Amino acid sequence: MSPGYFDERVAAGYDAGSAEMFESEVVDATVDFLADLAGGGRALELGIGTGRVALPLRRRGVAVHGIDLSEPMVARMRAKPGGDDVGVTIGDFATTKVDETFGLAYLVFNTITNLTSQDEQVACFRNVAAHLETGGRFVIEVFVPELRRLPPGETVLPFTVTPTKLDFDEYDVATQTLQSHHYRVVDGELEIFSLPFRYVWPGELDLMARLAGMTLRERWGGWNREPFTGDCRSHVSVWEKTAAP
Ligand SMILES: C[S@@+](CC[C@H](N)C(=O)[O-])C[C@H]1O[C@@H](n2cnc3c(N)ncnc32)[C@H](O)[C@@H]1O
């Protein structure tokens, strides 16, 4: 299976390139939140990657299974301590089935937007619902589209600008998609990496959840249960499976 955009080269630089997401303050808050919701049950991580969240959650005693398209990303997790304690199914998390049910499913670090069409995002909610026990929870962490920062006629929003690192998003509001561009100077060489996303609104996610038989239970501005306000740049949302999809 194709690893998609998370190929060998991207996987090799993933942990270092996302260093701020591996800081203990970030990981601990994420794992506290998820362990609390798991309540002793099993958890399914969609887009498990290199195990940033799954491995510490496993160390908290939560049995975790992952789905991911990318063998190179999963190989990085396997090479870490405890990496063999987490089962992984290689496949597309919008459609791939695991022969188990879970009390918790989660999709963090904006990864729902790696699905670049509404149909795929809707399918993902349905796939999650099919894996959740009734009363089970689905957690998403994703950015709020930054269209308030984008004046008419402009398409580009930079979010890191340093002499060695440049990141910017190029929005297409007609298709509700963006291309995220990343430029790095590493050992004097320029590395460029771009990948596509479909940005999605909180209310649209709630509708996808409803189509899949889930109901919004919580929405926070972050993992420490900060209030979600109009100024939040991301949210952590929790839906409960309330009905058969
Ligand atoms: C941004 S990384 C997040 C990894 C990990 N969850 C974390 O928080 O560090 C996104 C991961 O999702 C995987 N991914 C993206 N789209 C996918 C899809 N449609 N099906 C399965 N995995 C996918 C990528 O291979 C990658 O490992």
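Mentor: Contact here means heavy atoms within 4.5 Å, and helices (H or I, at least four residues) and strands (E, at least two) are DSSP runs, numbered from the N terminus. This is a predicted model: local features need pLDDT of at least 70, side-chain atom pairs count only at pLDDT 80 or more, and totals for chains, interfaces and linings use all residues. Numbering starts from 1 along each chain as its sequence is written, and side-chain values use heavy atoms, leaving out hydrogens and water.

Trainee: So what covers the buried residues of H6?

Mentor: The cover includes helix H5 (118–131) and strands S5 (132–143), S9 (189–198), S10 (214–220) and S11 (234–241).

Trainee: Which residues of H6 are buried?

Mentor: In H6 (residues 202–211), they are Pro-202, Glu-204, Leu-205, Met-208 and Ala-209. Looking down the helix axis, they fall within an arc of 160 degrees (directions from the axis to the C-beta atoms), so they line one face of H6.

Trainee: Why is Cys-124 called buried?

Mentor: Buried means under 20% relative accessible area, exposed over 50%, partly exposed in between (1.4 Å probe, protein chains only). Cys-124 has 0%, so buried it is. Cys-232, at 17%, counts as buried too.

Trainee: How many disulfides are there?

Mentor: A disulfide needs a pair of cysteine sulfur atoms within 2.5 Å, and by that rule the count is 0.
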